[in-house]
Amino acid sequence: MQRAGKGKTPRKPGPKKASNIEKDPVGVYCRIRPLGTEDKECCIEMISSSTIQLHAPDGLKANRNGEYKETQYSFKKVFGINTTQMELFEDVAKPLVKDLIHCKNGLLFTYGVTGSGKTFTMTGSPGEGGLLPRSLDMLFNSIGPFQAKRYVLKPDDKNGIEIQGQVDALLERQKRDSQQSVPKTPSSRQKADPEFADMISPEEACRSESVDEDCSYSVFVSYIEIYNNYIYDLLEDAPFDPIRQKPPQSKILREDQNHNMYVAGCTEVEVKSTEEAFEIFWKGQKKRRIANTQLNRESSRSHSVFTVKLAQAPLDADGDHILQDKSQVNVSQLCLVDLAGSERTSRTRAEGSRLREAGNINQSLMTLRTCMEVLRENQMCGTNKMVPYRDSKVTHLFKNYFDGEGKVRMIVCVNPKADDYEETMLVMRFAEMTQEVEVARPVDRPIYSLPAGRRHRNQAFKNELSSRLQERGGPSNADDPDLMNQLIESLPALPPCELVDPADDQTLPRLIEVLERRHRIRQMMTEQFNQTANSLKSMLQQFDSQLSAKDSFLHDQQSKLADKDKVIVNQKTEIERLEKKSKTLEYKIDILQKTTGMYEQDKRSLQQELETREQRLQKELSERRRMEQRMQGVVTDTRLKWEKECDRRVNAKQLEMQNKLWVKDEKLKQLKAIVTESSSSSGGCPTERPEKPERPSRERDRYIAQKRSASPSPIPGNVFKTRGGGQAVQFTDIETLTQECPTAPSRKRRSGSAEGPAQIEDIENRAPAAGASTSHVYQKRRKP
């Protein structure tokens, strides 16, 4: 967000890029550092030249599912512990130096945890020079004979190059020579700077053969560091103040007219040799911030950027001087970045300023990771999200490279010790994601339309002129003043003459004759020189026509070779893509096979569980059937029981009603007998009093009950246990036993007799007892 009080210059719209631009993925390489003597457990294994495998250490082998987890990561190439610095340079940095000579930008940075060997990979040590000194050596070995004089090409402080005349360049060189101070004698306490001769042996020197000889080259180097998200110039000569030392001033980033980012006010030093460039680098290296931590004795506390800028200007038509046209100057640069290592404060135990440095380092690396993620999402999903380059100075400085202004290469340095396993896992994930980011392929820049071979023809002319002068016995260098002296001495000598009289007729004619002779000799020499020059021009024209024909033929062959090289490169790219796709498919097939095995195992377990449940269900169904049959039997028995109980109750009720009816009948009969007796007594006929009906005897009932209790089988009923511990009989057959009393003689009594009411009351009181014992009910169960 912009602050309300400050305005901001609107960004100029950049040139629109064609949608059909060819893109290349970011080249990611991996280098494995040898295991230290104090480290015993290794967590990285190199499987092939492009694949490594991470093994979890013993303390972290179980993941969330409790299984052993091993992960594999693929790179463009993996360099093992036995890889030399020369082999690493041949595969990674050498193509970038060739592109630098062909006006193409390049970015190479090392990435990894602290103590993984990033600084050693970039700088190296005596006897094992790193990528930076080898890149400088190859550059100067290639353009050495074609370098322009110092200060002819000069930076314009706006990320561009301006051309100076020969006189201005000479004056500036003289001024520089006069201002050079006497070098100080190094103190015995200070460590001597390593020399370039100690870094690379002469046998390992290399060069590029495809250099344009019709151009003059100048090399400029700059060295900055990004410390706590501030940019500092490591080559800046701060004024010496013995009283109060001034802290270095931070620099700002700006955008040039071509929308490229650069560090404003940064010192750019023109160098003419590898030794001079390496000396400048080491001068800035001594100012870089390093510190001692728990994990690294010399831990880099800042990101360093060493930039090699190459300016090439074409020669004029004569091939002798630089073409004075600023628009024809091409500038390319190679940035060699040594990123500070990510670290965990729980392991480094950093405090104070070290803790702040670690936080800024991790924050800048996290911003780099975020930018890569957004770039990958925009390219894969077709979105147009804003990439947060401005969140960090590192990403803001190199945004042009990711937007297609040059090739990007990254070397992931890893330490195989088990203590760095978790940090190494995060680095591997970032490297895997970075390989999916594609950067637009830089195109060749048109330089000029002048004929090729100008420097060669100019040198051939000078050589031919020197040889011709040598044939004539003169010096090979026409500009030598001794040559003029010899030419003057070869002319006729002037006679000694002293004019004392203007009318002297002897001295003047003799002098005129000598001068005329010298004039004729000079004319003859001039004619001979013109003839020689014309013949030389004709020869040069003939050579030029032959050279043009050869150049055209060579150009045709080079174009064909370039086409074939493009085809080969495309085929290699396609092969690499197919190999990567094949590896991805193999990995997916492996995952699918594992998933299929898991599904099959789940299917078998589910089938077994289904069979178990089916068996359980069948068992439950059989149990249910048995329970239903049992319940049906119980229900049937209960129904029969209640039917019998109902029959018994009905029969008992029926018997009770019959007993009541009998009692009423008995009462009626007794009443009738009394009435009859009273009527007969009133008539005077004595009658006997009717006998009292006898109560039916229970002897038979007791006999039947005893018999049935002795032998329960013939008893027509069921025997049940009572609550009190006794037994009860439920009869299943009904049998009525009736005992009637004999007919008593009727006695005639008078109706007004006093005995009548008393007898009637006596009958009513005795009748129920007699009726209750006169009938018995039997129920007999017969089986069908």
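This is a predicted model: local features need pLDDT of at least 70, side-chain atom pairs count only at pLDDT 80 or more; totals for chains, interfaces and linings use all residues.
Local features need pLDDT of at least 70, side-chain atom pairs count only at pLDDT 80 or more, and totals for chains, interfaces and linings use all residues. Residues are numbered from 1 along each chain as its sequence is written, and side-chain values use heavy atoms, with hydrogens and water left out.

Strands of a sheet pair through backbone hydrogen bonds, either parallel or antiparallel. Here, strands (E, at least two residues) and helices (H or I, at least four) are DSSP runs, numbered from the N terminus. Two strands pair if DSSP finds at least two bridges between them.

An open sheet of 3 strands has the order β3-β4-β5, with antiparallel pairing. β3 (44–48) and β5 (70–74) are its edges. Each has a single partner strand, so one side of each lacks a neighbour in the sheet. Strand β4 (residues 51–55) is joined to β5 by 5 bridges. His55 has Glu70 in β5 as its bridge partner. Helix α11 (residues 421–434) packs on this sheet and touches β3, β4 and β5; contact means heavy atoms within 4.5 Å.

Strands β12 (residues 215–227) and β13 (residues 230–233) run antiparallel, joined by 4 bridges. They form a hairpin with 2 residues between them. In the turn, Asn228 has a positive phi of about 55°. Ile224 stands opposite Asp233 in β13. β13 is also joined to β14 (residues 250–255), by 2 bridges. There, Tyr232 is partnered by Ser250.

The whole structure holds 0 disulfides (pairs of cysteine sulfur atoms within 2.5 Å). For Cys43, the nearest cysteine sulfur, that of Cys42, is 6.0 Å away.

Note on methods:
Axes are lines fitted to C-alpha atoms, for helices over the stretch in contact, and angles run from 0 to 180 degrees between N-to-C directions.
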